[in-house]
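Dear colleague,

I am passing on a structure for you to look through, and below it I have written out what was found. Please read the notes slowly with the structure open beside them.

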Amino acid sequence: MRASPEELARAGVLVRIPPALRTFTQGQDEVVAEAGNARGLLDALEAMFPGIRDRVVDEAGRRRQYVNIFVNDELTRDPLPNVRLAPGDIVHILPSVAGG
Amino acid sequence: MAKAIKKGSVVLAVGTKKGGFLFHSADRRKWSVAGPFLPGQAVYHMIVDPRDGRTVYAGAPMNAEPWGPAMYRARIGSEPKPSAAAPKFKEGSDLSVTRIWHIEPGPADEPDTIYAGVEPAALFRSRDRGDSWEDLDALNYHPTRKDWQPGAGGLCLHSVLVDPRKPRHLVVGISAVGTFETRDGGRSWTTENKGVRAEFMPNKYPEWGQCVHKLTWDSSGDGAMFHQNHCGTYHRGPDGGAWTEVSKGLPSDFGFPIAAHPHEKHTAFVAPLKADVNRVFPRGQMAVWKTSNAGKTWRRSTKGLPGPNAFMGVLREGMAVDSEDPLGVYVGTNTGQLFASRDDGATWRMITDFLPPVLSVEAAEAR
């Protein structure tokens with residue numbers, strides 16, 4: 001049986017993976033990672049799923065323009081190292097309203 | 001779908017604002033289509049590698065615009081998948097690749113080598129079919145880079161010429177920076193813009209800063225080149241040096257694509273537009289112009305092309321030639337039509353209508 005988000009997140013930070021990036025996670029829509037801040041979280045994701053970090057941030061480490069990171073439903077605007085994370089946090093990576 | 005593309009067919013790889021398509025035909029009269037591939041994505045450039053006739057490369061955003069650019073690869077007719085890595089700048093450069101504008105096959109005897117021209121302007125080389133990339137420092141961090149300015153389409157490296165005689169000899173075109181050339185495989189580069197106008201600069205003939213729109217080899221095979229610029233059409237002889245403006249005889253000095261005949265020397269096709277401030281065909285008549293003498297004279301062809309109320313344009317990658325005899329010439333418009341000539345550009349037929357705006361057209365033989 002699938003564990004609840006809360007149960008999963010006790011082990012670390014629960015990350016909700018958007019559909020466009022599930023090719024990296026073998027289809028998983030959520031994963032658990034250990035990290036103290038958002039940059040560390042991306043490093044942990046990259047170690048598990050090579051290539052995924054470059055889709056969220058560019059090679060200069062900047063969040064891509066139309067990619068948003070929410071922590072516990074709050075949109076983060078700080079530089080990634082300043083976005084503190086703790087076990088039990090739920091992180092959403094989502095494209096902003098865009099397209100055309 | 002792959003089985004539907006017969007060996008020996010001419011295949012047109014068409015990149016559009018909403019996906020890529022493969023048009024294919026065994027006789028160049030009746031065309032079939034496969035696709036869209038990468039639906040909904042802006043495919044700025046898509047090619048069938050002419051070296052094997054079956055590997056497709058496409059540059060497009062990864063799944064959708066927000067996730068950054070990707071190099072896609074496929075066997076002809078199957079859905080392209082992202083390669084293991086996209087081109088990217090070195091850590092610490094503070095630059096990031098936003099778009100792949102051009103994919104160029106490497107030398108014939110290095111079948112796994114491809115080049116990518118990107119925005120912001122830079123050249124990358126892969127020796128493993130796009131799974132890893134080499135950042136060509138001497139060009140990408142050229143001392144003049146801090147002053148490079150974008151053209152209206154962005155600061156893009158869109159033309160990559162690999163000399164079939166000497167693979168270490170490369171020429172690239174950047175908007176609006178100009179033409180650069182290396183003869184040592186990219187270790188050092190020279191600016192090659194003598195004789196090319198830059199009407200938008202205080203000095204009309206600067207060392208660099210020209211808005212090159214497209215470069216192509218002259219099939220003379222001796223290093224001569226054709227060049228469509230924001231400010232004129234040019235030819236440069238085999239010995240290098242200054243470009244010769246050959247706009248005389250054309251209806252304007254503005255246009256985007258230029259395609260050279262692959263077998264007849266000094267022969268090329270252009271599609272001039274009215275002006276930079278009005279990027280449509282003059283007098284609403286679509287026309288392709290051909291020279292057979294390195295631009296000394298030009299002949300206009302309109303038979304089968306729309307007009308006199310056709311107010312569209314063609315983008316820089318929007319024209320291609322095949323290698324058949326007589327030659328096939330292909331033009332895709334920014335209003336979604338694809339036109340073909342199977343008689344060296346003399347007469348034209350529309351292959352399809354109602355595509356999304358066409359960003360690129362390339363031709364190859366399926367094998």
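Ile69(A) stands opposite Ile93(A), which lies in strand 5 of chain A. The two strands concerned, strand 3 (residues 67–71) and strand 5 (residues 90–95) of chain A, pair in the antiparallel sense over five bridges, where strands are DSSP runs of E of at least two residues and helices are runs of H or I of at least four, both numbered from the N terminus, and where two strands pair if DSSP finds at least two bridges between them. Strands of a sheet pair through backbone hydrogen bonds, either parallel or antiparallel.

Please keep in mind that this is a predicted model, in which local features need pLDDT of at least 70 and side-chain atom pairs count only at pLDDT 80 or more, while totals for chains, interfaces and linings use all residues. Residues are numbered from 1 along each chain as its sequence is written, and chains are lettered from A and ligands numbered from 1 in the order in which they are written.

Strand 3 of chain A is also joined by two bridges to strand 4 (residues 74–75) of chain A, and these run antiparallel; here the bridge partner of Phe70(A) is Leu75(A). Strands 3 and 4 of chain A form a hairpin with two residues between them, and Asn72(A) in the turn has a positive phi of about 50 degrees.

Turning to chain B, it holds one helix and 28 strands. Its radius of gyration, taken over C-alpha atoms, is 19 Å, close to the 21 Å that the globule rule (2.2 Å times the number of residues to the power 0.38) gives for 367 residues, so chain B is as compact as a globular protein of that length. Buried residues, meaning those with 20 or more other C-beta atoms, placed from the backbone, within 10 Å of their own, make up 52% of the 367 residues in chain B.

Four strands of chain B form an open sheet in the order 24-25-26-27, with antiparallel pairing, and its edge strands, each pairing on one side only, are strand 24 (319–321) and strand 27 (349–352). Three bridges join strand 26 (residues 338–341) of chain B to strand 27 of chain B, and among the residues involved Phe339(B) has Met350(B) as its bridge partner.

Finally, the contact between the chains (C-beta atoms, placed from the backbone, within 7 Å) takes 15 residues from chain B and 14 residues from chain A.

Methods. A residue is buried if 20 or more other C-beta atoms lie within 10 Å of its own, exposed if 12 or fewer, and partly exposed in between; C-beta atoms are placed from the backbone. Two residues are in contact if their C-beta atoms, placed from the backbone, lie within 7 Å.
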